[in-house]
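Visitor: I would like a close look at a single part of this model. Please take the charged contacts and then the nonpolar surface beside them in the account.

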Amino acid sequence: MMNMPKANCCAIDRVIRAAVSVSLLLYSAFFWASIGDVFLQAFILIFAIMNLISTVTGWCPVYKLANINTCKADFK
(Lines give C-alpha, C1' and ligand atoms only; values in the text may rest on other atoms or scores of the structure.)
Protein backbone atom coordinates (compact mmCIF):
# COMPACT_ATOMS: atom_id res chain seq x y z
CA MET A 1 0.00 0.00 0.00
CA MET A 2 1.30 3.43 -0.96
CA ASN A 3 1.78 6.07 1.74
CA MET A 4 -0.31 9.16 1.11
CA PRO A 5 1.24 12.55 1.85
CA LYS A 6 -0.04 14.35 4.94
CA ALA A 7 -2.96 16.68 4.16
CA ASN A 8 -2.05 20.36 3.98
CA CYS A 9 -5.42 21.82 2.85
CA CYS A 10 -8.13 22.65 5.39
CA ALA A 11 -11.83 21.97 4.77
CA ILE A 12 -12.58 25.57 3.74
CA ASP A 13 -9.67 25.52 1.32
CA ARG A 14 -10.94 22.28 -0.19
CA VAL A 15 -14.48 23.68 -0.64
CA ILE A 16 -13.11 26.76 -2.40
CA ARG A 17 -10.90 24.59 -4.62
CA ALA A 18 -13.89 22.39 -5.50
CA ALA A 19 -16.01 25.41 -6.45
CA VAL A 20 -13.23 26.89 -8.59
CA SER A 21 -12.54 23.54 -10.27
CA VAL A 22 -16.16 22.83 -11.11
CA SER A 23 -16.69 26.40 -12.35
CA LEU A 24 -13.64 26.25 -14.62
CA LEU A 25 -14.55 22.80 -15.95
CA LEU A 26 -18.10 23.92 -16.73
CA TYR A 27 -16.85 27.13 -18.34
CA SER A 28 -14.39 25.12 -20.44
CA ALA A 29 -17.10 22.68 -21.49
CA PHE A 30 -19.72 25.23 -22.50
CA PHE A 31 -17.60 28.16 -23.69
CA TRP A 32 -14.60 26.33 -25.17
CA ALA A 33 -14.69 28.33 -28.42
CA SER A 34 -14.88 31.70 -26.65
CA ILE A 35 -11.57 31.05 -24.86
CA GLY A 36 -9.85 31.04 -28.24
CA ASP A 37 -6.19 30.32 -27.49
CA VAL A 38 -5.36 26.60 -27.33
CA PHE A 39 -2.62 27.20 -24.74
CA LEU A 40 -5.08 29.04 -22.47
CA GLN A 41 -7.68 26.29 -22.93
CA ALA A 42 -5.13 23.65 -21.88
CA PHE A 43 -3.93 25.77 -18.96
CA ILE A 44 -7.48 26.22 -17.62
CA LEU A 45 -8.20 22.49 -17.90
CA ILE A 46 -4.93 21.49 -16.22
CA PHE A 47 -5.45 24.05 -13.43
CA ALA A 48 -9.02 22.82 -12.84
CA ILE A 49 -8.01 19.16 -12.79
CA MET A 50 -5.07 19.77 -10.45
CA ASN A 51 -7.33 21.68 -8.07
CA LEU A 52 -9.88 18.88 -8.23
CA ILE A 53 -7.18 16.34 -7.34
CA SER A 54 -6.06 18.56 -4.44
CA THR A 55 -9.67 18.77 -3.30
CA VAL A 56 -10.07 15.01 -3.21
CA THR A 57 -6.70 14.22 -1.62
CA GLY A 58 -6.42 17.24 0.68
CA TRP A 59 -2.80 17.67 -0.38
CA CYS A 60 -1.46 20.47 -2.57
CA PRO A 61 2.03 20.17 -4.12
CA VAL A 62 2.37 23.96 -4.38
CA TYR A 63 1.59 24.31 -0.67
CA LYS A 64 4.25 21.68 0.01
CA LEU A 65 6.86 23.61 -1.98
CA ALA A 66 5.93 26.88 -0.24
CA ASN A 67 5.76 25.16 3.17
CA ILE A 68 2.12 26.22 3.67
CA ASN A 69 -0.31 24.20 5.75
CA THR A 70 -3.86 25.54 6.07
CA CYS A 71 -4.90 22.59 8.26
CA LYS A 72 -3.68 24.64 11.21
CA ALA A 73 -6.72 26.85 10.65
CA ASP A 74 -9.17 23.98 11.19
CA PHE A 75 -11.23 24.33 14.33
CA LYS A 76 -11.84 20.95 15.91
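Guide: A salt bridge is a side-chain nitrogen of Lys or Arg within 4 Å of a carboxyl oxygen of Asp or Glu. The model is predicted, so local features need pLDDT of at least 70 and side-chain atom pairs count only at pLDDT 80 or more, while totals for chains, interfaces and linings use all residues. Residues are numbered from 1 along each chain as its sequence is written, and side-chain values use heavy atoms, with hydrogens and water left out.

One salt bridge is present in the structure. Its partners are D13 and R17, with 3.3 Å between the closest N and O atoms. Both residues belong to helix α1, residues 11-30, and sit four residues apart, about one turn of the helix. Helices here are DSSP runs (H or I, at least four residues), numbered from the N terminus. D13 has a relative accessible area of 11% and is buried; R17, at 10%, is buried too. Buried means under 20% relative accessible area, exposed over 50%, and partly exposed in between, with a 1.4 Å probe and protein chains only.

Helix α1 also contributes to a nonpolar patch, as does α3 (38-57), each with at least two residues. The patch covers about 720 Å² and is made by I12, I16, V20, F39, L40, F43 and F47. Patch residues have over 30% relative accessible area and no salt bridge, and nonpolar side chains (Val, Leu, Ile, Met, Phe, Trp, Tyr) are joined within 5 Å. Areas come from the Shrake-Rupley method with a 1.4 Å probe. The largest share, four residues, comes from α3. F47 lies in that helix and, at 40% relative accessibility, is partly exposed.

Conventions. Patch = residues over 30% accessible without salt bridge, like charges linked within 9 Å, V, L, I, M, F, W, Y side chains within 5 Å.
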